Amino acid sequence: MPVVSLPYKYLERLCGSDRKTIIDHLPMIGSDIERILEDQVDVEFFPSRVDLYSTEGVARAMRGFLGIETGEEIYQVNPSSITFSVDENLRDVRPYIGSAVIRDVNLDNEAIISLMGVQEALHWVVGRGRAKVAIGVHDLDKVTPPFRYYGAPVSRSFIPLDYDREMTLAEIMEEHPKGRDYSHIVKDKPVMPLIEDANGNVLSFPPIINGELTRVTESSKNLLLDVTGTDERAVMTALRVLCTTLITAGGRCESVEVNGVVMPDLSPSLRNIDVPSCNRLLGTGFSAEEIAGILEKMRYGAEKAGDTTVLVRIPCYRADIMHEWDVYEDVAIGAGFSNLDARLPATFATGHEHPVNALASAIRDICTGLGYLEVMPFTLSNEDVMYTRMQREPDPAALRVLHPISEEQTLVRTDILPLLLDLLRINKRRELPQRIFHTGDVVLSMQTFQKLALASTHTGADFSEAFATADALMRELGIFYTTAESTDPAFIPGRAADIMVDGMKTGTFGEIHPGVLNRFDIDQPVSGIEIDLHLLFPGQRETKS
Amino acid sequence: MQLTLNEKRLLLELVKKETTTPEEMGTILDRPADSVVQYGGLLSQKGLAKVERTVTTTLILTGEGSLYLKEGLPERQLYNSFSASTSIADLNSHPHAKIGLGWMKRLGWVKIEAGKVVKTGDAATSAIEAGLKNPDTAPADVKKDLLKRGLVTEEESVRYTISITDEGRKLASSGITLTGETGTLTAGQISSGAWKDLSLRRYDITKRPRPLWPGKIHPYQRMIDEMRRILLDMGFTELHGSIIQGAFWNFDALFQPQDHPAREMQDTFHLAGEQPLPKGWEKVRNMHESGGETSSTGWGGNWDPEKAKATVLRTHTTSLSIQHLAAHPEPPVKAFCIGRVYRREAIDPTHLPEFEQLEGIVMDTHVNFRNLLGYLKEFYGRMGFESVRFRPGYFPYTEPSVEPEVFIDDLGWVELGGAGIFREEVTSPWGITCPVLAWGLGVSRVAMLRMGLTDLRELY
């Protein structure tokens with residue numbers, strides 16, 4: 001989630017309140033305070049509230065929440081004669097562009113930092129790392145309308161930001177730091193998106209870099225915004241958030257005509273809120289007037305439109321309001337969570353343990369009764385531990401992770417006994433005897449099953465111990481079994497047996513093969529057992545996911 | 001004074017003998033001599049007897065010594081190998097020529113004349129030859145030669161003498177009863193009643209026993225079981241399901257937009273293969289694209305069914321909750337799940353690629369947001385977190401959303417889990433018309449707080 005830095009002086013000036021009051025109330029509108037510094041507070045806002053990614057946006061919300069100024073902000077958009085043409089050849093490259101003009105800004109250093117902050121946050125959250133949306137802010141007075149957004153060849157050149165010489169688009173993608181970061185978004189396209197003015201001066205090479213020509217400084221008075229992207233809705237969301245932020249900072253917005261469409265549209269959208277539905281969801285008893293009052297605090301325009309209806313004007317920057325319940329949530333936040341009494345409902349239901357976990361509990365009782373200590377190894381393992389060290393062939397049913405994060409975790413375990421041996425290796429310097437067990441999920445093909453494994457190591461650990469333990473387990477589980485000669489290479493030939501239930505192999509026990517012990521670097525003999533619980537209790541077979 | 005039976009028997013014999021050896025006493029008491037030394041030691045600790053330890057050195061023939069005692073020393077064997085005289089060259093062919101010639105000369109048995117070895121007389125028995133027969137009584141210089149030639153070695157032998165003290169005599173004269181002491185009771189002694197006449201040996205209660213390690217349930221599992229117990233007590237039904245999930249249930253059914261970064265390979269473990277889409281998937285598509293039949297706008301754009309078929313290791317147990325709801329759309333539903341979930345994170349003190357998550361859901365006709373807060377307070381209260389407070393939260397699949405915080409001494413308010421009411425975009429495709437309260441929390445986080453751990457890796 002994006003972290004927004006709020007400088008106290010700027011915040012206090014825009015907000016009309018003191019820093020302590022603001023900091024105390026910030027978590028109540030939905031944020032995590034990351035750190036409180038000497039001259040600023042760093043706050044993490046939710047990804048849904050893109051309108052709070054600037055000091056201006058936070059101040060606007062806090063003025064309402066603190067009751068300094070409630071209701072919606074009205075955004076005036078005057079026409080400018082500026083037009084934009086969008087070329088057809090961008091249709092499959094980066095077809096959408098939003099634009100607006102902001103006049104008479106008074107950009108001090110803090111306002112510029114805030115503007116860069118909101119731009120960066122929008123790039124990540126709405127723009128998905130500039131792939132979906134990228135933003136450019138320009139000094140309008142350095143260029144001449146009308147503007148043109150079109151697909152240019154990579155040989156086109158201009159002076160990019162932070163450079164003092166002309167570079168071709170190809171060179172920018174190769175050499176410029178921003179080019180290296182973002183060229184992957186467009187480099188395979190037949191043409192490159194480019195914005196130029198009437199005289200062929202380049203404003204921007206979206207989504208990579210602006211031109212040095214239109215760099216915004218403290219002396220910039222009039223700004224041109226460009227927002228390009230692949231998703232029209234996301235482009236317009238970013239444009240509205242930018243415009244309203246700059247208006248709150250003191251600018252005047254003028255519209256731009258893009259291929260005949262006048263933008264930005266900063267008018268609110270309307271929704272009728274059903275008062276009983278809202279009260280039912282929240283468990284409250286608010287009247288229509290009360291709900292309207294609370295929503296005004298949350299900077300909506302709201303008025304009673306009948307006994308059970310509130311007409312709500314949703315500010316254009318609230319891209320997160322997709323559904324009526326999103327407005328209900330703001331009613332709860334505006335009322336204050338601490339003012340909503342927690343209350344248990346009268347839902348009647350009886351609790352039931354899941355049979356898989358009930359069985360696991362019973363097995364834990366038996367194993368601990370037999371003197372075994374429970375361990376909790378990971379479910380992610382690797383081929384080496386699972387098969388190579390066990391002298392076993394890799395299980396074709398094993399599920400491999402496509403992009404493992406380390407060599408230790410490349411597949412989902414198919415057995416548990418190898419993980420117990422790996423634990424005995426780690427604990428080999430500890431006192432003997434060591435008797436450990438684990439029961440839990442394994443995955444074969446696409447199905448999740450449960451297995452149980454036990455391992456015992458001490459100077460006398462042998463086949464007889466494994467047999468006696470397996471026998472006790474099966475007896476306590478109430479399952480009749482017979483034994484059959486096992487050919488499992490993880491055990492010593494002639495010292496291992498398969499547990500047969502109704503003619504089916506359901507597990508194996510015996511003395512671990514010394515070759516396996518060598519591979520695990522274990523010095524003492526080990527007796528081991530592994531049982532397939534889903535074969536013992538076929539009723540509990542998991543359904544395919 | 002507490003004496004064992006053996007100490008008593010030894011003391012009574014010492015009264016008769018005054019001074020004795022362990023060997024002699026061993027025969028009388030029918031015990032090994034070593035044991036007698038031990039009993040004597042115990043008596044001497046109590047001042048009833050005196051044990052003297054003397055060390056004597058004896059000379060014992062080495063293997064070489066024994067051989068020469070039988071076959072004669074090298075110089076004798078060499079002397080006997082020729083008659084009156086012989087050439088040095090001839091003599092050198094004898095195996096003992098080197099040592100033998102030197103000693104023959106030193107003992108005056110032969111002399112060298114013009115390259116020939118000539119006997120001087122009868123060669124009487126030498127002192128060393130005599131010493132080899134009785135090394136212990138040999139003169140000191142002979143002993144030295146025997147040791148130097150490696151024919152004998154010194155061996156220390158320890159001898160004990162045990163004698164009674166005045167105090168011992170006094171105790172013995174005051175009368176000692178020789179009742180046997182019993183260590184381990186036998187079945188016969190117990191059932192026959194013979195135990196009534198036995199003197200049961202007392203044990204040293206200050207000596208620590210050999211440690212025993214019991215079989216135990218893992219402390220983390222115990223805490224998981226405690227949470228399960230609480231939720232079962234509160235009337236919740238337990239869910240359990242596959243750790244392999246289709247992206248459809250893990251993300252799409254929960255209204256996670258398809259371009260959300262958390263879905264990517266960077267954050268989620270992807271597996272080979274595709275999962276089929278369930279019946280009714282089209283409604284989920286409509287929900288994403290346009291909000292379906294609800295008041296929602298949806299995310300817009302095109303929803304790609306292929307992307308929803310990807311196979312992943314579940315990133316949350318919510319994938320099980322929504323499947324349970326889809327299968328049980330009628331109220332009431334109260335269910336919970338504690339299960340392992342997976343995130344593609346490198347292992348460090350606060351991150352593991354797999355960890356446990358708890359999740360509870362309640363669906364009923366009249367449940368509401370305040371009820372959700374009620375469940376949270378009740379659950380955390382039963383977990384031992386008395387003070388709970390709430391602040392707004394954000395989760396893609398709940399609205400309203402809330403982040404509960406609990407108060408912990410030394411740490412203050414700590415965020416613990418997340419909660420909310422499932423969005424209508426999530427429930428509507430499955431015909432669910434009642435609100436669904438949902439909350440989840442990281443079980444390992446609770447465990448760390450309760451056990452006071454700072455490194456997540458210590459848990460497993």
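Start with chain A, where three strands make an open sheet in the order β1-β3-β2, with antiparallel pairing. Strands here are DSSP runs (E, at least two residues), helices are runs of H or I of at least four residues, and both are numbered from the N terminus; two strands pair if DSSP finds at least two bridges between them. Select 3–7 and 31–36 of chain A and you have the edge strands, β1 and β2, each pairing on one side only. From one strand to the next, the twist averages 30° (axes are lines fitted to C-alpha atoms, for helices over the stretch in contact, and angles run from 0 to 180 degrees between N-to-C directions).

Before moving on, some housekeeping: this is a predicted model, local features need pLDDT of at least 70, side-chain atom pairs count only at pLDDT 80 or more, and totals for chains, interfaces and linings use all residues. Residues are numbered from 1 along each chain as its sequence is written, while chains are lettered from A and ligands numbered from 1 in the order in which they are written.

To see one pairing, pick A:Val3 and look across to its bridge partner in β3(A), A:Glu44. Next, show residues 8–15 of chain A, helix α1, which packs on the sheet and touches β1 and β3 of chain A. Its direction makes about 80° with that of β1(A); contact here puts two C-beta atoms, placed from the backbone, within 7 Å.

Most residues other than glycine have a negative phi, and most peptide bonds are trans.

- Select A:Met263 and A:Pro264: the peptide bond from one to the other is cis, with omega near 5°. A:Pro264 sits in the loop between β15 (261–263) and β16 (269–274) of chain A.
- Jump to chain B for B:Glu399 and B:Pro400, also joined by a cis peptide bond, with omega about -5°. B:Pro400 is placed in strand β16 of chain B, residues 398–408.
- Back in chain A, pick A:Arg128, a non-glycine with a positive phi near 50°. Look for A:Arg128 in the loop between α4 (109–125) and β6 (133–139) of chain A.
- Finish at B:Asp410, not a glycine either, with a positive phi of about 75°. The loop between β16 and β17 (412–415) of chain B holds B:Asp410.

Are those last two buried or exposed? A:Arg128 counts as partly exposed because 19 C-beta neighbours lie inside 10 Å. B:Asp410 is exposed, because 5 other C-beta atoms are within 10 Å. The cut-offs: buried is 20 or more other C-beta atoms within 10 Å of a residue's own, exposed is 12 or fewer, and partly exposed is in between, with C-beta atoms placed from the backbone.
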